[in-house]
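This report describes selected features of one protein model, with the sequence and coordinates shown below. Please keep both in view while reading.

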Amino acid sequence: SKRRMDATIVGVILAIAACIAAFLFLGKSEKTPEKTPPPVVVAPAEAKPAAVKPVVSKIGGGKKGKKEEKKHPQCRFQFKGHAGAITCSRVSMTGKMVATTGEDRRLILWNIAEIPPTQTLNLQPELDHGAAIATSPDDKFFAVVFARSKEVKIYPSKGAKDGAHVSFASKHITDVTDLIWSYSGKYLLTFAMKDKDAVRLWSPRGEPMGTINPGALEAYNVVLSPDSRFISIATMQCDAKIWEVGTDKDGFGFKGKAMELAGRTGGSGSAGHASAVHSVDFGGCSPANLVTDSSTAATGSKDGTCKVWNIAVRYRQNEDPKCILTVDQPDKQPISKVAISRGKIAKYLATWSATAGLVFWGLPSGEKLSVVGTEDTGHVFHMEWFESEIEPHHHMLLCASPDGRSQAWLPVPP
């Protein structure tokens with residue numbers, strides 16, 4: 001019996017020990033879930049700022065980053081293919097191609113019939129770089145005047161690497177700054193702004209056809225009308241003279257001075273500019289439309305005004321062109337460049353100055369349509385309108401900057 005009592009006592013002790021162990025185990029298991037949630041809750045809270053930080057840094061990047069990400073809404077396209085400064089950028093008469101020259105000696109032809117523009121030719125002649133470039137009316141040839149030699153060479157657009165077909169000396173004394181191929185295809189002109197005979201006319205075979213002395217110490221730019229009849233030069237004088245090239249009983253050739261964009265006070269036109277004319281341009285129909293017509297011209301002056309002129313007058317009977325519109329540059333500062341859009345009735349006018357930037361105007365009202373600052377355009381040394389096949393924007397303005405950029409601008413945001 002004693003042995004049974006001892007066994008009972010041992011059994012009770014083991015039962016009590018088992019109950020205590022079970023109690024301790026249950027208590028520990030109940031506390032464990034309370035410790036596990038904190039990592040689950042804290043982890044997302046710490047990860048959230050880490051995910052946002054790079055985004056904030058990217059959006060708040062430097063000015064350079066912002067310019068790369070955001071393009072001006074009026075800039076239809078932009079291209080740059082030269083290693084250094086460009087010396088000329090010109091739209092072909094068909095509106096399908098742009099030809100550029102640069103100090104890196106490269107001659108580049110661009111296809112702008114599609115966006116983005118693509119290079120169709122990249123030629124690098126030895127020893128000399130192009131000062132100016134122009135294309136034939138059908139885009140099959142292009143002419144280049146070289147900076148050091150002042151020589152003009154005409155290349156085929158396809159097969160240019162085989163060499164020039166025509167080569168002749170321009171006979172200019174000072175630097176040649178421009179070259180234009182007439183819309184009719186019958187002649188070319190070279191321009192040296194500091195020469196006494198600033199303009200020289202040439203046949204496509206290199207035969208001299210005449211010279212023009214603007215009668216000023218310095219000339220700023222030269223333009224050719226879309227019908228190939230008129231040549232005008234902007235000089236340090238208050239007017240812009242117009243010369244005629246055409247056919248008469250003596251045949252085709254240079255015919256001499258035709259009229260002046262002066263608007264003499266008391267004459268048939270309004271008062272002209274009060275200071276030097278920095279830029280001149282002709283309006284008219286594009287040969288790409290198989291119609292040639294030139295009835296308007298525009299001048300931009302140091303006096304801060306731009307004037308539009310009706311040149312469809314009887315100039316052979318000494319009738320003067322009439323000033324039909326005057327607009328003031330927004331800041332009243334000198335205008336460096338002016339361009340009037342193509343078409344029988346011009347729709348747009350563009351002016352550029354280093355202070356106000358690029359300003360678009362509607363015609364015939366003279367309403368200011370938009371302004372693009374110089375931080376977007378750069379320093380514009382050449383600009384011209386062209387009629388693009390890229391829908392739905394028909395009229396575009398090509399602007400060239402020395403930093404190598406060529407940009408096509410819309411007159412109003414799309």
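Which residue in β5 does L109 stand opposite? L109 stands opposite L121 in β5. The model under discussion is a predicted one.

## The strands around β4

Strand β4 can be followed through its two partners. On one side, β3 (residues 97–102) pairs with β4 in the antiparallel sense over five bridges, and within this pairing A99 has L109 of β4 as its bridge partner. The two strands form a hairpin with four residues between them, and R105, which lies in the turn, has a positive phi of about 75°.

Strand β4 is also joined to β5 by five bridges, again with the two strands running antiparallel, and here the hairpin has six residues between its strands. Four of the five residues of β4 are buried, so the strand is largely enclosed by the rest of the structure. The loop between β4 (107–111) and β5 (118–123) contains P116, which is exposed, with a relative accessible area of 59%. The C-alpha atoms of P116 and F77 are separated by 6.8 Å, although these residues are 39 apart along the chain. F77 also belongs to an aromatic cluster, which it forms together with F79 and W110.

## Aromatic pairs and a charge over a ring

A pair of aromatic rings is described by the distance of the centres and the angle of the planes. The structure holds nine aromatic pairs, and one of them, formed by Y348 and W385, is stacked, with 5.7 Å centre to centre and 20° between the planes. Because Y348 lies in strand β23 (residues 348–353) and W385 in strand β26 (residues 382–387), the pair ties together parts that are 37 residues apart in sequence. Both Y348 and W385 are buried.

An aromatic ring also takes part in a contact of another kind: the charged end of K186 sits over the ring of F252, at 5.1 Å from the centre of that ring.

## A four-stranded open sheet

Four strands make up an open sheet in the order β14-β15-β16-β17, with antiparallel pairing. Its edge strands, β14 (219–224) and β17 (251–261), each pair on one side only, and the twist from one strand to the next averages 20°. Within the sheet, β15 (residues 230–235) and β16 (residues 240–248) pair in the antiparallel sense over five bridges, and S232 has I242 as its bridge partner in β16.

In soluble globular proteins, nonpolar side chains tend to be buried together. The largest nonpolar core here has 43 residues, of which F142, Y155, V199, V222, I231 and I233 touch the most other members. Strand β7 (residues 141–146) gives the most to this core, contributing five residues.

Conventions:
Residues are numbered from 1 along each chain as its sequence is written. This is a predicted model: local features need pLDDT of at least 70, side-chain atom pairs count only at pLDDT 80 or more; totals for chains, interfaces and linings use all residues. Side-chain values use heavy atoms; hydrogens and water are left out. Rings of Phe, Tyr and Trp (its six-membered ring) pair if their centres lie within 6.5 Å; planes under 30 degrees apart count as stacked, over 60 as edge-to-face and the rest as tilted. Buried means under 20% relative accessible area, exposed over 50%, partly exposed in between (1.4 Å probe, protein chains only). A charge sits over a ring if NZ of Lys or CZ of Arg is within 6 Å of the ring centre and within 35 degrees of the ring normal. Two strands pair if DSSP finds at least two bridges between them. Axes are lines fitted to C-alpha atoms, for helices over the stretch in contact, and angles run from 0 to 180 degrees between N-to-C directions. A nonpolar core is a set of buried Ala, Val, Leu, Ile, Met, Phe, Trp, Tyr and Cys residues joined through side-chain atoms within 4.5 Å.
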